[in-house]
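Thanks for asking me to look this one over.

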Amino acid sequence: MDAIKLWKDSYRTGSDEIDSQHQELFHQVEDFLTIAMTAGETANKQKCMETLDFLLSYTARHFELEETLQRERDYVGYAEHVKLHERFKNTVLAYQETVEREFSKEMLKRLAGTLMTWLTIHVCDCDRKIFTNEPISPQIHFEGVEDLIRTVTTRLLSDTYGIVFQNATASVYNGCVDGKVIVRSMIGNQGKTHVFLIGFSEEMARALYRGISGVEIGSMDAMNAVEKSALMELGDIIASHVLAYLISDEGENQFDWRGDLFLDQYRDTGVDIKNNMCLKFHTDHGALSVMYCAAG
Ligand SMILES: [Fe+2]
Ligand SMILES: [Fe+2]
């Protein structure tokens with residue numbers, strides 16, 4: 001397997017200090033990925049947990065530095081940025097407890113894939129905005145949810161991975177979503193459940209994974225846990241970008257996230273999803289389908 005190289009020059013933020021911390025952080029994630037990918041069934045739990053602890057304490061210090069710099073500069077997106085750091089810390093903490101409790105190669109890989117996607121997208125989409133003083137979720141004008149999903153998805157994937165969007169066609173969800181890889185994100189908030197189904201064609205899944213990690217997915221039919229969790233995290237991030245405009249995130253707003261990944265076609269006959277909207281995007285790197293509805 002080719003070695004994963006996470007750093008790209010396009011991730012530069014405008015601050016040498018932050019950039020060198022990002023490079024160091026990515027090196028640590030790469031080391032952790034190597035451990036997760038090569039660990040045998042009898043992997044040394046203590047060594048893995050030490051590497052993970054080191055990576056996470058470095059991340060915490062990095063977040064602190066970034067937040068201090070944002071306060072000093074009166075950064076316009078400070079509150080939203082801090083919330084993203086907090087949510088990430090909580091996610092990783094929950095994962096870490098699970099790894100500690102049920103140590104397995106599979107769980108290490110899942111955590112490594114999640115870390116890789118979240119950190120690279122966060123640097124590219126959020127940290128780069130600190131020094132240009134741009135908000136993370138800029139005010140956008142949209143006419144309805146369909147228009148919102150179209151705007152947010154195209155912007156995120158074109159800014160981050162250079163995907164060129166050609167057109168999008170709307171359809172009605174009838175229990176299936178096309179795609180080689182389908183991510184289902186269910187987000188509970190204030191008695192409502194927001195359901196997203198995000199279907200990536202094989203070409204799209206390959207292009208996005210290459211964009212995140214710099215390497216190719218080995219076999220689409222035998223994806224490993226790093227590849228699966230990296231794409232699942234990406235689906236969750238698309239969902240969270242859309243939700244940022246649908247839910248006011250003031251105060252102690254609790255979110256209950258649940259992500260799942262399916263291969264080939266997602267077919268759900270047991271769920272009655274009303275008032276859904278479904279969009280299929282066509283791009284220079286294959287197709288992407290997004291279904292959204294809110295229930296409850
Ligand atoms: Fe950062
Ligand atoms: Fe950050």
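Where is the place of Asn133? Asn133 is in the loop between α4 and α5 (144–161); helices here are DSSP runs of H or I with at least four residues, strands are DSSP runs of E with at least two, and both are numbered from the N terminus.

1. A word on the model. This is a predicted model, in which local features need pLDDT of at least 70 and side-chain atom pairs count only at pLDDT 80 or more, while totals for chains, interfaces and linings use all residues. Residues are numbered from 1 along each chain as its sequence is written, and chains are lettered from A and ligands numbered from 1 in the order in which they are written.

2. Most residues other than glycine have a negative phi. Asn133 is not a glycine, yet has a positive phi of about 55 degrees. Asn133 counts as exposed because it has 12 C-beta neighbours inside 10 Å; the cut-offs are 12 or fewer other C-beta atoms within 10 Å for exposed, 20 or more for buried, and partly exposed in between, with C-beta atoms placed from the backbone. Asp74 also has a positive phi of about 55 degrees without being a glycine. You will find Asp74 in the loop between α2 (45–72) and α3 (78–101), and with 8 C-beta neighbours inside 10 Å it counts as exposed.

3. The sheet. Here 6 strands make an open sheet in the order β1-β7-β8-β4-β3-β5, with antiparallel pairing; two strands pair if DSSP finds at least two bridges between them. At the edges are β1 and β5 (256–263), each pairing on one side only. From one strand to the next the twist averages 15 degrees; angles run from 0 to 180 degrees between N-to-C directions, and axes are lines fitted to C-alpha atoms, for helices over the stretch in contact.

4. Strand β1 and its partner. Strand β1 (residues 165–171) is hardly covered, with 0 buried residues among its 7. β1 pairs with strand β7 (residues 277–283) in the antiparallel sense over 6 bridges.

5. Moving on to β8. β7 and β8 form a hairpin with 2 residues between them, and 7 bridges join these antiparallel strands. One of the pairs is His282 with Ala287 in β8. Strand β8 (residues 286–295) is also joined by 8 bridges to strand β4 (residues 192–200), again antiparallel. There, Gly199 stands opposite Ser289 of β8.

6. Helices on the sheet. Helix α6 (residues 202–213) lies across β3 (181–189), β4, β7 and β8, and runs at about 90 degrees to β8. α7 packs on the sheet as well, touching β3, β4, β5 and β8, with its direction at about 45 degrees to that of β3. Residues are in contact if their C-beta atoms, placed from the backbone, lie within 7 Å.

7. How do α6 and α7 meet? Their axes come within 10 Å and cross at roughly 95 degrees. That makes α6 roughly perpendicular to α7; the classes are roughly parallel under 35 degrees, roughly antiparallel over 145, roughly perpendicular from 65 to 115, and oblique for the rest. α6 brings Ala205, Leu208, Tyr209, Ile212 and Ser213 to the contact, and α7 brings Glu227, Ala230, Leu231 and Leu234. By class these are 7 nonpolar, 1 polar and 1 charged, where Ala, Val, Leu, Ile, Met, Phe, Trp, Tyr, Cys and Pro count as nonpolar, Asp, Glu, Lys and Arg as charged, and the others, Gly among them, as polar.

8. The contact of α4 with α7. The axes of helix α4 (residues 105–126) and helix α7 (residues 225–246) come within 7 Å and cross at roughly 40 degrees, so α4 is oblique to α7. Residues of α4 in this contact include Trp118 and Ile121, and those of α7 include Leu234 and Ile237. The contact divides into 9 nonpolar, 4 polar and 6 charged residues.

9. Lastly, Arg210. Arg210 sits in helix α6 and counts as partly exposed, with 14 C-beta neighbours inside 10 Å. Leaving out residues up to four places away in sequence, Arg210 touches Val215 and Glu216. Arg210 and Tyr161 are 49 residues apart in sequence, and their C-alpha atoms are 9.2 Å apart in space.

How values were computed
Two residues are in contact if their C-beta atoms, placed from the backbone, lie within 7 Å.
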